[in-house]
Structure formats: C-alpha cells, structure tokens
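Trainee: Can we go through this one together? I'd like the fold before the details.
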Amino acid sequence: MFPVHLPPLRERKGDVGLLADLFLKHHAGVVGRKIRGLTDGARRRLEAYSWPGNVRELENVIERAVILCSGEYLTEAELRLGDASGEKAGGAMDVGDWISRGVPIDTVEKQMIERALEMSGGNQSEAAKLLGLTRSKLRSRLAKFNLG
C-alpha cells in the first residue's frame, strides 16, 4: 500500500473547470439534455468558490444545474452557489420544480440519499433515519445507484 495525498479541491483551482466539464457531460447525458458547456461567468464562479464539500459537492452542484438549465449553456445563476467564503452550495428545489422539468425520480432519490449521507457525515444508520428508511433498505439503494 502506498499512501497518496490529494489536496482538497479548494487548493486545486485548475482542476475545478476540468471536473465541472466532465460532470456536465455525464449528467447532461443522464437526463437527456443538450448542454454545450459553461458560460465564462459560471466558470469563474466555480473557480472562485471554496468547495467545503470537495469534489462531491462540485458534482452535486453541476448535476443540479443541468436539471435547472433551460438553454445551451449553464449560467452562474443555475449553479446556485453560496458565497465564495464557503457557504454550502445548492439551494432547495420545490417538488414542483422537479416535476415541471421532467426530472426522473431516480435522480431525485439519488440526490436525497447523497444529501442525507453528507448531513450524517457518511454514517449510513443516521442517513437511513433521516430518510425514514431501514439501514438495509438504504444499503440496497446505495447499491442501486453505485454509491457505496
């Protein structure tokens, strides 16, 4: 075994754009959207953000933005980022937003599970309680979404 030290995303600003592009391509394909890329303002905003949730937070922000995107490019407003000092990114979406945008229920379920795991610090028993599931039900859903 060799220990590998990987600095947090906030210390690797050059990686933010590359990862954002990768996540954008993946999630646009999953939800069937034709999104060409990020606007310059969105890219600058991503690079200025402190990413307290690291790479997982970046992926969640991009996935949510893909769902919200109504044009060919993701804009700064669609990113729904907190302030650059480290406020958590995201922003709650109303259930009607999900429905009106035709978001598949699996996408919503996956995001709920990821968020519960973040809120519980990765503790599956606690995340299951937050979601109103048994631990075994949560584990089966983690397997379904390749989260665990």
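Mentor: This is a predicted model. Along the sequence, the protein chain runs α-β-α-α-β-α-α-α-α-α.

Trainee: How many helices and strands is that in the protein chain?

Mentor: The count is 8 helices and 2 strands.

Trainee: And contacts in the protein chain: what share join residues at least 24 apart?

Mentor: Taking contacts between residues at least 6 apart in sequence, 67% join residues at least 24 apart.

Trainee: What about burial and surface for the protein chain?

Mentor: Buried residues account for 39% of the 148 residues. The accessible surface is about 8800 Å², and 53% of that belongs to carbon and sulfur atoms.

Trainee: Which residues have the most contacts inside the largest nonpolar core?

Mentor: That core has 22 residues, and the ones with the most contacts inside it are L46, W51, L58, I62, L74 and L79. The elements giving two or more residues to it are α1 (13–31), α2 (40–48) and α3 (54–68).

Trainee: Which element gives the most to this core?

Mentor: α1 does, with 6 residues.

Trainee: Take L46, then. What is L46 in contact with, leaving aside neighbours within four places in sequence?

Mentor: The list is V16, A20, L38, W51, L58, I62, L79 and L81. There is also a second, separate core of 8 residues, which includes A116, L138, L142 and F145.

Trainee: Is W51 buried or exposed?

Mentor: W51 counts as buried because its relative accessibility is 1%, and the cut-off for buried is under 20%.

Trainee: How many aromatic pairs does the whole structure have?

Mentor: The search finds 1 aromatic pair. The rings are those of Y49 and W51, with centres 4.6 Å apart and planes at 75 degrees.

Trainee: Why do you call the pair of Y49 and W51 edge-to-face?

Mentor: The planes are at 75 degrees, and planes over 60 degrees apart count as edge-to-face, so the label follows. Y49 is buried too, at 0% relative accessibility.

Trainee: Changing topic. Where is K110 found?

Mentor: K110 is in helix α6, which covers residues 105–119.

Trainee: Is K110 buried or exposed?

Mentor: Buried: the relative accessible area of K110 is 17%, and the cut-off is under 20%. Not counting residues up to four places away in sequence, K110 touches H27, F145 and L147.

Trainee: Which other residues of α6 are buried?

Mentor: Besides K110, the buried residues of α6 are T107, V108, E109, Q111, I113, E114, A116 and L117.

Trainee: What should α6 span, given its 15 residues?

Mentor: At 1.5 Å a residue, α6 should span 21 Å. Its end C-alpha atoms are 21 Å apart, so the two values agree.

Trainee: What happens just after α6?

Mentor: G121 takes a positive phi of about 65 degrees there.

Trainee: Is N146 buried or exposed?

Mentor: N146 counts as exposed, because its relative accessibility is 72% and the cut-off for exposed is over 50%. W51, by comparison, has a positive phi but counts as buried.

Conventions
Residues are numbered from 1 along each chain as its sequence is written. This is a predicted model: local features need pLDDT of at least 70, side-chain atom pairs count only at pLDDT 80 or more; totals for chains, interfaces and linings use all residues. Side-chain values use heavy atoms; hydrogens and water are left out. Helices (H or I, at least four residues) and strands (E, at least two) are DSSP runs, numbered from the N terminus. Buried means under 20% relative accessible area, exposed over 50%, partly exposed in between (1.4 Å probe, protein chains only). Contact means heavy atoms within 4.5 Å. The expected span of a helix is 1.5 Å times one less than its number of residues. Accessible areas come from the Shrake-Rupley method with a 1.4 Å probe; for residues, only the protein chains shown count as cover. A nonpolar core is a set of buried Ala, Val, Leu, Ile, Met, Phe, Trp, Tyr and Cys residues joined through side-chain atoms within 4.5 Å. Rings of Phe, Tyr and Trp (its six-membered ring) pair if their centres lie within 6.5 Å; planes under 30 degrees apart count as stacked, over 60 as edge-to-face and the rest as tilted.
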